[in-house]
Amino acid sequence: MRPDCSYPFRHRYRLTRLGVHFVFVAAFAMVGGALRGFNLLLVLAGLLIGALLIQWRCSRWVISASTISRSLVTEAFANVPFRIRYLVANQSRYLPVWMIRIDDPIESTDSEETATVACGVGIVGPLGSAVTYCGCVVRSRGRYRLGPLSMSTLFPFSLLSARKIVDAQAEFFVYPTLLKLRRGWQQTLATKQGGAAAAARRSGPSEGDFFGLREWQTGDNPKWIHHRATARVGEPIVRQFEQQRQFDACLIVDCCQQSAHRSSHEQAVETAISFAATIVVAMDQSPTSRLVLAVADANPSATAGDKGHGGKAKMLQLLSAAKATLEPNIVQAIDQAVRSAGYAKDLIVISSRDLDDALKSDSNSEQLRSRLRAWSRRGGLCWINVDSAEFQNWLVDQSGQGIYSHRDTRNHLSDWTQENSDVPVS
């Protein structure tokens with residue numbers, strides 16, 4: 001695949017510090033040779049100016065003959081390294097291009113923080129292409145924008161920088177940080193919901209003890225195929241496993257920041273969002289589990305987790321855009337979740353406060369009581385307070401670093417590193 005050349009671009013040329021010194025020495029030699037009549041100074045000035053002209057022609061040709069495109073990853077999580085792929089192609093039929101540097105600015109759409117992705121390609125042969133990767137780590141969830149792309153080169157003498165700026169922009173989501181759940185968290189959730197709640201069902205997952213063979217069905221994992229039985233029967237035969245407990249629920253994230261002046265409350269909201277994202281990813285691994293997610297912030301919204309990668313992506317994007325607020329509308333979030341579900345489900349609320357505090361402080365406390373009453377009567381209500389000591393039982397010990405922590409609060413767009421499949425550019 002060759003890079004897309006349809007984006008508009010523009011060229012820029014700029015002298016480097018070494019190039020400025022060359023111009024100064026060339027001007028001094030030219031003036032001194034003309035005033036004093038020293039031919040050697042004039043020859044020196046001519047050599048310096050010739051080097052500048054060669055630098056300009058070569059760097060201009062390298063940039064003009066090169067095109068570039070980028071490919072983003074399908075999933076990016078906060079505090080987890082991911083890679084951006086760049087493809088550089090040489091349009092020249094006869095000569096290679098050398099020493100290409102790629103700069104790709106990245107900025108958050110919700111704040112003014114910016115950084116730059118930087119990587120490079122050493123050499124690309126005639127009519128060839130080279131792939132380079134840049135490893136990135138983003139510290140904070142949210143929506144980010146890349147671009148415009150720029151290619152530059154100092155080849156061959158580093159006297160002048162030639163740059164091509166390509167107006168190719170792209171947006172992507174950085175999903176919340178995933179937490180590490182304790183083993184057996186499904187049983188803990190079932191207990192919280194009243195043991196034999198309707199949310200816990202047996203539904204034939206991809207894990208469990210093997211106990212028999214059966215015919216192939218749509219949606220089965222190809223790894224389950226029993227090759228000897230398939231060869232003997234002539235039709236696909238798959239292994240059948242012991243059924244496991246799966247969950248079918250409405251997940252509500254309460255983005256209540258109880259105080260505008262305490263960072264711990266905002267941290268608790270981030271923990272709730274990260275915990276919800278962890279449950280979404282864990283439950284998406286089951287082929288039969290269905291989940292409806294609603295975010296209760298200043299502008300509540302909900303989405304149904306359709307089967308496949310698209311459903312999980314929509315829920316994670318919704319969590320990425322969630323905002324902490326002093327007055328979350330839980331009632332509206334529940335109503336939207338019920339409408340998206342189409343039928344009654346068990347309710348899991350992940351919040352930074354207790355249920356009693358929510359009922360006391362919520363402006364629609366009576367409506368909230370009536371919404372929760374239907375689930376609480378049949379044992380289908382699970383309220384998880386991430387700011388309580390009991391929440392520690394859900395997660396693996398993190399060696400005293402806390403349940404959730406930003407490793408760098410000074411700059412969320414830090415730790416950009418280069419990974420090249422070609423010769424690196426210094």
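# Getting to know this predicted model

User: Which residues is Thr303 in contact with, leaving aside its neighbours within four places in sequence?
Analyst: Contact here means heavy atoms within 4.5 Å. With the neighbours within four places in sequence set aside, the residues in contact with Thr303 are Val292, Leu293, Lys314, Met315 and Leu318.

User: What kind of model am I looking at?
Analyst: Residues are numbered from 1 along each chain as its sequence is written, and side-chain values use heavy atoms, with hydrogens and water left out. Local features need pLDDT of at least 70, side-chain atom pairs count only at pLDDT 80 or more, and totals for chains, interfaces and linings use all residues, since this is a predicted model.

User: Is Thr303 buried or exposed?
Analyst: Thr303 sits in strand β17; strands (E, at least two residues) and helices (H or I, at least four) are DSSP runs, numbered from the N terminus. Buried means under 20% relative accessible area, exposed over 50%, and partly exposed in between, with a 1.4 Å probe and protein chains only. The relative accessible area of Thr303 is 13%, so Thr303 is buried.

User: How many Å does helix α7 reach from its first C-alpha to its last?
Analyst: Helix α7 covers residues 330-341, which is 12 residues. The expected span of a helix is 1.5 Å times one less than its number of residues. For α7 the expected value is 16 Å, and the helix comes close to it with a reach of 16 Å.

User: Which residue caps the N-terminal end of α7?
Analyst: Look for a side-chain oxygen that lies 3.1 Å from the backbone nitrogen of Gln332. That oxygen belongs to the cap at the N-terminal end of α7, Asn329.

User: How many salt bridges does the count come to?
Analyst: Side chains of opposite charge can pair when their charged atoms come close. The rule asks for a side-chain nitrogen of Lys or Arg within 4 Å of a carboxyl oxygen of Asp or Glu. By this rule the count of salt bridges is 12.

User: Which residue meets Asp104 in a salt bridge?
Analyst: The N to O distance in this pair is 2.9 Å. The pair links distant parts of the chain, 34 residues apart, with Asp104 in strand β4 (residues 97-108) and its partner in strand β2 (residues 66-71). Both residues are buried, and the partner of Asp104 is Arg70.

User: Which residues do salt bridges with shared partners join into one network?
Analyst: Arg145 and Glu107 meet at 2.9 Å, N to O, linking strand β7 (residues 142-146) to strand β4 across 38 residues. Glu171 and Arg143 meet at 2.8 Å, N to O, with Glu171 in strand β10 (residues 170-174) and Arg143 in strand β7, 28 residues apart. The network joined by shared partners is Glu107, Arg143, Arg145 and Glu171.

User: What is the omega of the cis peptide bond from Gly147 to Pro148?
Analyst: Most residues other than glycine have a negative phi, and most peptide bonds are trans. Pro148 lies in the loop between β7 and β8 (149-153). The bond from Gly147 to Pro148 is cis, and its omega is near -5°.

User: What is the phi of Asn79?
Analyst: Asn79 is in the loop between β2 and β3 (82-90). With a relative accessible area of 13%, Asn79 is buried. Asn79 is not a glycine, yet its phi is positive, near 65°.

User: Which residues make the nonpolar surface patch of about 510 Å²?
Analyst: Patches are made of residues with over 30% relative accessible area and no salt bridge, joining like charges within 9 Å and nonpolar side chains (Val, Leu, Ile, Met, Phe, Trp, Tyr) within 5 Å. Helix α2 (residues 39-64) gives the largest share, 4 residues. Helix α1 (residues 17-36) holds Met30, which is partly exposed at a relative accessible area of 40%. The patch is made by Tyr13, Met30, Leu42, Ile49, Leu53 and Trp56.

Definitions and conventions. Areas by Shrake-Rupley, 256 points an atom, 1.4 Å probe, with all protein chains shown as cover. Polar contact = N/O pair within 3.5 Å; in protein donor to acceptor, adjacent residues only side chain to side chain.
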